[in-house]
Amino acid sequence: MTSDKYLVFDSGYRGWCNLELTDCKAFAGWLSYNCPWVFFVHVPNEGKRLGSVADLVESGMIIGFSDYAILTAGHKHSFGLIEAKRKDRTKSAWRKGQRECLQRAVDLGGFGAVGYGLDCLKSAAKIYLCGSDDDAIFIQYLMQHNEV
């Protein structure tokens, strides 16, 4: 891990895997259930849009913005961006601006990561929130926050 580049979480799995949206739904449910104090948003950038891209950019849309913005401060960062991709990285394409968005978050002192599949998204969130993806450390983190 370096301080000048976003993190990549990839299990190396190749083969059949869920669609990105399926893993995004499961990730949002997992994060909401385990960490209800965490303020996060899923930013859908794919699919049909109301209005032209130029109008949306003019109104504040960032092309390539990450799938998840976490606004609750984490272990070392005040905000985080996580890009979701399919578990088999060969079945996910990077879209215009996505890598640059993650790098900009890091350049601004935030956390930036890409997670390939649900387990990797969870690992990225654990690293952001408590500094480790070790389950025992994450459970301690959860216990401390549930006592508040």
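This is a predicted model: local features need pLDDT of at least 70, side-chain atom pairs count only at pLDDT 80 or more; totals for chains, interfaces and linings use all residues.

Author: Happy to! Leaving aside residues up to four places away in sequence, histidine 75 touches Ile127, Tyr128, Leu129, Cys130 and Gly131. Histidine 75 itself sits in the loop between E3 and E4. Is histidine 75 buried or partly exposed? With a relative accessible area of 48%, histidine 75 is partly exposed.

From this loop we can follow the chain into the strands on either side. Strand E3 covers residues 68-70 and strand E4 covers residues 80-85; the two run antiparallel and are joined by 3 bridges. In one of these pairings, tyrosine 68 has isoleucine 82 of E4 as its bridge partner. On the sheet we also find helix H3 (residues 98-107), which touches E4 and strand E5 (111-116) and whose direction makes about 155° with that of E4.

Stepping back, E3 and E4 belong to an open sheet of 5 strands with mixed pairing, in the order E1-E5-E4-E3-E2. Strands E1 (7-9) and E2 (40-42) are at the edges with a single partner strand each, so one side of each has no neighbour in the sheet. On average, neighbouring strands here are turned by 20° against each other, direction ignored.

Helix H1 (residues 20-34) and helix H4 (residues 118-130) have axes that come within 9 Å and cross at roughly 35°, and the crossing is right-handed. Sorted by class, that makes 8 nonpolar, no polar and 3 charged residues.

Beyond four places in sequence, leucine 31 touches Pro36, Val38, Phe40 and Leu129. So what does leucine 129 link? Leucine 129 is touched by histidine 75 and by leucine 31.

Arginine 14 forms a salt bridge with aspartate 88, with the closest N and O atoms 3.9 Å apart. This pair links distant parts of the chain, 74 residues apart: arginine 14 is in the loop between E1 and H1, and aspartate 88 is in the loop between E4 and H3. Aspartate 88 is buried at 3%, whereas arginine 14 is partly exposed at 39%. Arginine 14 also forms a salt bridge with aspartate 10, at 3.4 Å between the closest N and O atoms. Another salt bridge joins lysine 85 and glutamate 83, at 3.7 Å; lysine 85 is buried at 2% and glutamate 83 is buried at 0%. Through shared partners, salt bridges join Asp10, Arg14, Asp88 and Arg89 into one network. The whole structure has 5 salt bridges.

Terms used:
Residues are numbered from 1 along each chain as its sequence is written. Side-chain values use heavy atoms; hydrogens and water are left out. Two strands pair if DSSP finds at least two bridges between them. Helices (H or I, at least four residues) and strands (E, at least two) are DSSP runs, numbered from the N terminus. Axes are lines fitted to C-alpha atoms, for helices over the stretch in contact, and angles run from 0 to 180 degrees between N-to-C directions. Contact means heavy atoms within 4.5 Å. Buried means under 20% relative accessible area, exposed over 50%, partly exposed in between (1.4 Å probe, protein chains only). A crossing is left-handed if the near helix is turned anticlockwise from the far one by less than a right angle, and right-handed if clockwise. Ala, Val, Leu, Ile, Met, Phe, Trp, Tyr, Cys and Pro count as nonpolar, Asp, Glu, Lys and Arg as charged, and the others, Gly among them, as polar. A salt bridge is a side-chain nitrogen of Lys or Arg within 4 Å of a carboxyl oxygen of Asp or Glu.
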